[in-house]
Number of protein chains: 2
Amino acid sequence: MSTLVVGSVAYDSLETPFGKAPRILGGSASYISLTASYFTSPVRLVGVVGNDFNPEDIELFKSKNIDLEGLQVDNSGKTFFWAGKYHFDMNSRDTLDTQLNVFEKFNPIIPNSYKESDFVCLGNIEPGLQRKVLDQVKRPRLVICDTMNFWISGAKDSLMETLKLVDVLIINDSEARELSGEHHLVRAADKIKTMGPKILIIKKGEHGALLFTETGLFSVPAFPVEDIFDPTGAGDTFLGGFVGWLDRSQDISDANLRRAVVFGSVMASYCVEKFGPERLKNLTDEEIYKRYNAFMELSNIPAV
Amino acid sequence: MSTLVVGSVAYDSLETPFGKAPRILGGSASYISLTASYFTSPVRLVGVVGNDFNPEDIELFKSKNIDLEGLQVDNSGKTFFWAGKYHFDMNSRDTLDTQLNVFEKFNPIIPNSYKESDFVCLGNIEPGLQRKVLDQVKRPRLVICDTMNFWISGAKDSLMETLKLVDVLIINDSEARELSGEHHLVRAADKIKTMGPKILIIKKGEHGALLFTETGLFSVPAFPVEDIFDPTGAGDTFLGGFVGWLDRSQDISDANLRRAVVFGSVMASYCVEKFGPERLKNLTDEEIYKRYNAFMELSNIPAV
């Protein structure tokens, strides 16, 4: 069991209709690693932080058995910082501030001890950097990749090169539409699967997620969380639950990919209950499995 | 087994990105009755048509064993006519023409032979007329009701009176939000259930549907139809499949309400494959059960 996670490590200042959280731990690699750590060990983190990184956050990673050999500390500047404000419906947000800081020059270097990993999880970073990671590792069982509109519109050629090397692409519905040029998600998926990924997951926010494999389609609803407190990191948390379960079970069959999608949904549904990664700090196995069963109950169609 | 259906019978002229269909059979009562007829008999239709109603459409209803004693023929005018054009994404449409004609003075009169019906299905008509139907019948096992934004904004008080008498309300997500004043659908459902209906179904178009019962929540995805040819009547078709299955099975347990929601989704997924009610004319039981099983496969979460 081993999962390699590459992405951003950041501080976020968040504002939602329910309150404010200044300078809390954020970034895709943080959410993915913390979440995956509930399922598997070691999670190997590759990222960069600056001279302002809080030792308490280092301790948090260590307490979850996250391997930090690949976490670079760049003392020439500060950690990536983002500030955002969510609107009342939680589906839209305004970016108030973005300071790339040391992340601007991020060059992912994979320690030797990481080079043989079962699962490689490429968080949402520049597609060329994602390829640079893959150049350095032994072919893993699965390469799982996230991306975003920013790269789809701004670095399409580079992204297309990366997609050729990806086994599982996890994006949201608007990204799938933009990447494929198709409005209907089934058509979008057909087209994206010709770009490289054999497996595609399309996240639809409050409407759940779709899993397209080589043989079929699976639809999982979102858990009906009544009070979405803060959606920050929900997509990365989904990714962490997905890869964490695959690594724990060492099974990439279609049925088990479904389970991984549900564990991703479970973890995301917990994540949004509190600010930032707060809820991911002290979940229990019992809570995780209880919600998995709640998803089964929510979706269960009785036979006729 | 007996289902009473009240609603509009109409002619629709439809235009979608795939073509045009002038003056084809439409109206909520037509879609509900035709669909329910696949599951139960007799379906008792109450509605009104004008002097231009096509004998072939009478024959279509009769061929499906639909009881037409309650279908009024008003020779003083023409049948309700609607013309609409769908946009490329099929989620929005423009009304090009509406001629209420004889439907404007519609006064639902329930024949004696209809007065004891197991299920009463109130299609989307003026809420006062819906109550007038209930005044004339013996208390059925379930009163199932549809409505629309037009009545929610324009006849709220009357609609609230009707809702007190309704067991199952079936509306779409924007209607649920408008009726409750709540954006989040779980909160919206909680509020609507205080208005009368013990059971609420919220249709979400391409995102499926939610069933709220007294004890739980069920989420069904939409079937991933790649080519939505014409969405006209899909909501009424859902209603017809829902009530038809309940009447056939005579079981209103939570598990069977789930099955009814899936049969509603099955029938709606077929309806959109061709213009108007065309696809509802010659479905087979085999096709219906095959798609039910496809829904089970689509939603199936394997245990861990």
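**Figure 1. The contact between chain A and chain B in this predicted model.** In this view, 26 residues of chain A are in contact with 26 residues of chain B, where two residues are in contact if their C-beta atoms, placed from the backbone, lie within 7 Å. On the side of chain A that touches chain B, at least two residues each are supplied by helix 7 (185-193), strand 13 (217-220), helix 9 (254-271) and helix 10 (285-299), helices (H or I, at least four residues) and strands (E, at least two) being DSSP runs numbered from the N terminus. Helix 10 of chain A gives the most to this side, with 5 residues. The residues of that side of chain A divide into 15 nonpolar, 5 polar and 6 charged; Ala, Val, Leu, Ile, Met, Phe, Trp, Tyr, Cys and Pro count as nonpolar, Asp, Glu, Lys and Arg as charged, and the others, Gly among them, as polar. Residues are numbered from 1 along each chain as its sequence is written, and chains are lettered from A and ligands numbered from 1 in the order in which they are written. Because the model is predicted, local features need pLDDT of at least 70 and side-chain atom pairs count only at pLDDT 80 or more, whereas totals for chains, interfaces and linings use all residues.

**Figure 2. The fold of chain A as a whole.** The secondary structure of chain A comes to 10 helices and 13 strands. Its radius of gyration is 18 Å, close to the 19 Å that the globule rule gives for 304 residues, so chain A is as compact as a globular protein of that length; the radius is taken over C-alpha atoms, and the rule is 2.2 Å times the number of residues to the power 0.38. Along its principal axes, the C-alpha trace of chain A spans about 65 × 40 × 35 Å. Among the contacts in chain A with a separation of 6 or more, 67% are between residues 24 or more positions apart.

**Figure 3. Strand 2 of chain A and its two pairing partners, strand 3 and strand 6.** Of the 7 residues of strand 2 (residues 10-16) of chain A, 5 are buried, so this strand is largely enclosed by the rest of the structure; a residue is buried if 20 or more other C-beta atoms lie within 10 Å of its own, exposed if 12 or fewer, and partly exposed in between, with C-beta atoms placed from the backbone. Strand 2 of chain A runs antiparallel to strand 3 (residues 19-26) of chain A, to which 6 bridges join it, and two strands pair if DSSP finds at least two bridges between them. A hairpin links these two strands of chain A through 2 residues, and A:T16 has A:G19 of strand 3 as its bridge partner. Strand 6 (residues 80-86) of chain A runs parallel to strand 2 and is likewise joined to it by 6 bridges, with A:F81 as the bridge partner of A:Y11.

**Figure 4. A mixed open sheet in chain B.** Here 4 strands of chain B form an open sheet in the order 3-2-6-7, with strand 3 (19-26) and strand 7 (93-99) as the edge strands, each pairing on one side only. Within chain B, strand 2 (residues 10-16) and strand 6 (residues 80-86) pair in the parallel sense over 6 bridges, and B:A83 is the bridge partner of B:S13.

**Figure 5. Strand 10 of chain B with strand 9 and strand 11.** Strand 10 (residues 168-172) of chain B is mostly covered, with 4 of its 5 residues buried. Strand 9 (residues 142-146) of chain B pairs with strand 10 in the parallel sense over 3 bridges, and B:C145 stands opposite B:L169. Strand 11 (residues 199-203) of chain B also pairs with strand 10 in the parallel sense, over 5 bridges, and B:I199 is the bridge partner of B:V168.
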